[in-house]
Amino acid sequence: MLGYAIFYIVRKNWSFAMPKLSEEFGITNTSFGIILTLVGLIYGVSKFVNGFIADRSNARWHLAIGLAACAVINFIFGFSADISHWFTGSASGPDFVNVLIIVFAVLLILNNIFQGAGFAPCNHLMTHWVPPEQLATKMSIWNTSHSIGAFFASVICGYLTDWKLLFWIPAIVASVGVIFIIATLRDTPKSVGLPELPDTKTALDSDDSPAAYKAYIRKHVFGSRIIWTLAITDLFVYIVRFAVLDWGPTFLQKGANPLSPQLAGWTVGIFEVAGCLGMLTAGWVTDHLFHGKAQRVCFIEMLLTAACLLALWLLPKDANPVLMLVMMVLAGFFLYGPQALLGVTASNQATKKAASSAVGLIGLCSYGSVIFTGAGLGWYSDHFGWDDLFLLMSIVAVIGGLIILTLWNIKGDGYIHDDAPSTENTEK
């Protein structure tokens, strides 16, 4: 939880740097949007690749090396203007700004390549240490690390006035986090002399050769209709999520009722706190009321998210900011349930032997959302403003809910049980 939360501190600080960079250097939302799209796609590919690496590597070192690289890159971020000045020989003007944008893009690409080493090893560890029937509850607890990291990034960055500090302070935090991970984290139960979890048999238990593993991945990940449906659903979840996280600070400071940078930071941060509570609630409800049927909870919560976003769109322009805050809290509460539970469903279906690979494939699809939330919303806001943002996100949430509805009756997991035949999980 702490390790992955720190990954977010050296990732979401960019959202708070954008308004300051725009004011100081005149960089447009379209340019920022193109950068967000590019790095989001890179992160999706990195998450995909790291998923396969995580299923066959030591999670402790995988996580630590990824975070260390992100810390170094964020230190370099603070010297971006100096790098641009070194290339152009000037500290202002079109050439300086154009090179500065390129420097930011390159560093963000590198940062997001190593950001992909965050989720995959954590997901790998969860499926090896937590039984399938408890995974929704406990992975939802772990998934709050998303919101914890984004919350602290939002609050800390909201009080930093110098854009360079927006990178250097998080980099220092990440450096301490690397030491913490190396000192405290361990790999699978087997690596410390403990038995594997009961009732989690897979075909790879008897044959774990490279050829058998590749065949297993083809069947339980790339050939699974369930995994692909979860991936497409997650695409729509992430469109809504990134619209708020990436553009929230800018929208709240430049919308119809502009807020101060500090209040904008707290508003986005509270959206994340509500997401924490939503994930915890959704995990408990899944295991205790829906008997592990996480996909059913996802459908219900996507519709509730859509309702909250529609209410935000219907609020009058002179509405009290507190009312907007309340509706954003509710939207975050309902949205982050599916954000956590789709990965839980995929992990259980693909089993602990391919959980990170399956989630990596889902991550690749979900980060296709940045084509819409990055360049798409950047261009849209420059030409039409922000007035219909919440209406668009409400429609997206409804579509995501209808897609996950098609998995209403699937079985709970893809493991081989003693009382069931060894076949791929199918619909009842």
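The model is predicted, so local features need pLDDT of at least 70 and side-chain atom pairs count only at pLDDT 80 or more, while totals for chains, interfaces and linings use all residues. Residues are numbered from 1 along each chain as its sequence is written, and side-chain values use heavy atoms, with hydrogens and water left out.

The largest nonpolar core has 117 residues. A nonpolar core is a set of buried Ala, Val, Leu, Ile, Met, Phe, Trp, Tyr and Cys residues joined through side-chain atoms within 4.5 Å. Buried means under 20% relative accessible area, exposed over 50%, and partly exposed in between (1.4 Å probe, protein chains only). Trp-14, Leu-21, Phe-25 and Leu-230 have the most contacts inside this core. Helix α10, residues 225-254, gives the most to the core, with 14 residues. Helices (H or I, at least four residues) and strands (E, at least two) are DSSP runs, numbered from the N terminus.

Leaving aside residues up to four places away in sequence, Trp-14 touches Leu-21, Phe-32, Ile-35, Leu-36, Phe-104, Leu-108 and Phe-167. Contact here means heavy atoms within 4.5 Å.

Val-155 lies in helix α7, residues 135-158. Val-155 is buried, because its relative accessible area is 17%. Val-155 and Gln-262 are 107 residues apart in sequence, yet 7.7 Å apart in space, C-alpha to C-alpha.

The structure holds 0 disulfides, a disulfide being a pair of cysteine sulfur atoms within 2.5 Å. For Cys-70, the closest cysteine sulfur is that of Cys-122, 12 Å away, which is too far for a bond. Cys-70 is buried at 0% relative accessibility, and Cys-122 is buried at 8%.
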